[in-house]
Amino acid sequence: MTPKRTSTQLDFSHLPLLDHHCHPIYRPEYARGPLPSFLTESFDPELIARHGRHTLFFRRAVKELAQLLECDPTPEAVEEARAALPLEKFFALACREGKIEGLLLDDGYLKDQTQSLEWHHRTSGCQVARVLRLEVLIQDLIPQHSELAGLTAAYVAELDRAAPQIVSLKSIIAYRTGLDIRETSAAEAAAALAEVRKSLKPGQRLRIASKPLLDYLIPVALA
C-alpha cells in the first residue's frame with residue numbers, strides 16, 4: 001500500500017495497523033480511577049492529581065478520544081461518554097476507527113487484572129498473538145523448584161510448550177538488573193536461587209531481581 005498525498009502532507013489514515021507491542025485491557029473492576037491515571041506511568045496519587053492533566057500526552061489524548069466518542073473535548077465529557085459505552089463496544093470502536101488489524105499482546109503484566117487474549121480477538125475482530133515475558137515465567141516457577149536443575153528444566157519445558165502460541169519473547173531485565181548480562185556459572189545461579197527462595201512469603205507475589213539468576217536464565221531462553 002502507498003500513502004495518499006494531499007497538497008501539504010502524506011495521509012496514512014487509510015492504512016491498517018499492527019500494534020507490535022501492547023498490553024491487555026483491564027477488566028472493568030480494575031479499571032477505576034480518574035482519567036489522568038490511565039494516561040501516565042505514575043502511580044503516585046498526588047503527582048497524578050497535580051500534574052496529570054497538564055501533560056501534552058493527556059491533552060492530545062483527550063482531543064483524540066473526544067473525536068472518537070463524538071463529545072466535547074474536555075476530560076469530563078470524555079469520561080461521561082466513555083462511561084456510557086460498555087467496554088466491549090468501546091474497545092471494538094477504538095480498534096475499528098484506528099484501523100488496527102493485529103495486536104501482539106504482552107500478557108505478563110498484571111495478568112490477574114486483565115482480559116484474556118481470546119477476549120481481545122473476540123471483541124475486536126483483530127488478529128491476536130502472544131508475547132511471552134520471561135521474568136514473569138521465571139517468577140511463577142521459582143516457588144515450585146528449590147534446585148536450579150529442576151527450575152531450568154521446567155523453564156525450558158514451559159517455553160517449548162508455549163512456542164506454538166507465541167510470536168516473540170520479551171525480557172525486562174533492563175529494569176530489574178541491567179543490560180550488562182554476564183556469563184554466569186550454574187553454581188552462582190544456584191546460590192542466587194537459594195537466596196531468592198528465602199525471600200518467599202505466603203500469598204505475596206515474587207518480583208525477581210537477582211542478577212546472577214537472570215543472567216543465567218535469560219540466555220537459556222534464547223538458546
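Modeller: Happy to! Let's begin with a term: a residue is buried under 20% relative accessible area, exposed over 50%, and partly exposed in between. Leu110 has 27% relative accessibility, so it counts as partly exposed. Keep in mind that this is a predicted model.

Leu110 sits in the loop between strand S4 (100–106) and helix H5 (117–124). Its phi is positive, about 55 degrees, although Leu110 is not a glycine. That is worth a second look, because most residues other than glycine have a negative phi. Glu70 also has a positive phi, near 55 degrees. You will find Glu70 in the loop between helix H2 (56–69) and helix H3 (75–83), and with a relative accessible area of 74% it is exposed.

Now for the rings: the whole structure holds two aromatic pairs. In one of them, the ring centres of Tyr26 and Phe38 are 6.4 Å apart and the planes meet at 65 degrees, so this pair is edge-to-face. Both residues belong to the loop between strand S3 (17–22) and helix H1 (45–51), 12 residues apart. Tyr26 is partly exposed at 27%, and Phe38 is partly exposed at 38%.

The other pair, Phe91 and Trp119, is stacked, with 5.4 Å from centre to centre and 25 degrees between the planes. Phe91 lies in helix H4 (residues 87–97) and Trp119 in helix H5, 28 residues apart, so the pair links distant parts of the chain. Phe91 has 10% relative accessibility and therefore counts as buried; Trp119, at 6%, is buried too.

Methods. Residues numbered from 1 in each chain as written. Predicted model: local features only at pLDDT ≥ 70, side-chain atom pairs only at ≥ 80, totals over all residues. Heavy atoms only, no water. Helix = DSSP H or I, 4+ residues; strand = E, 2+ residues; numbered from the N terminus. Buried < 20%, exposed > 50% of the residue type's maximum accessible area, 1.4 Å probe, protein only. Phe/Tyr/Trp six-rings, centres within 6.5 Å; stacked < 30°, edge-to-face > 60°.
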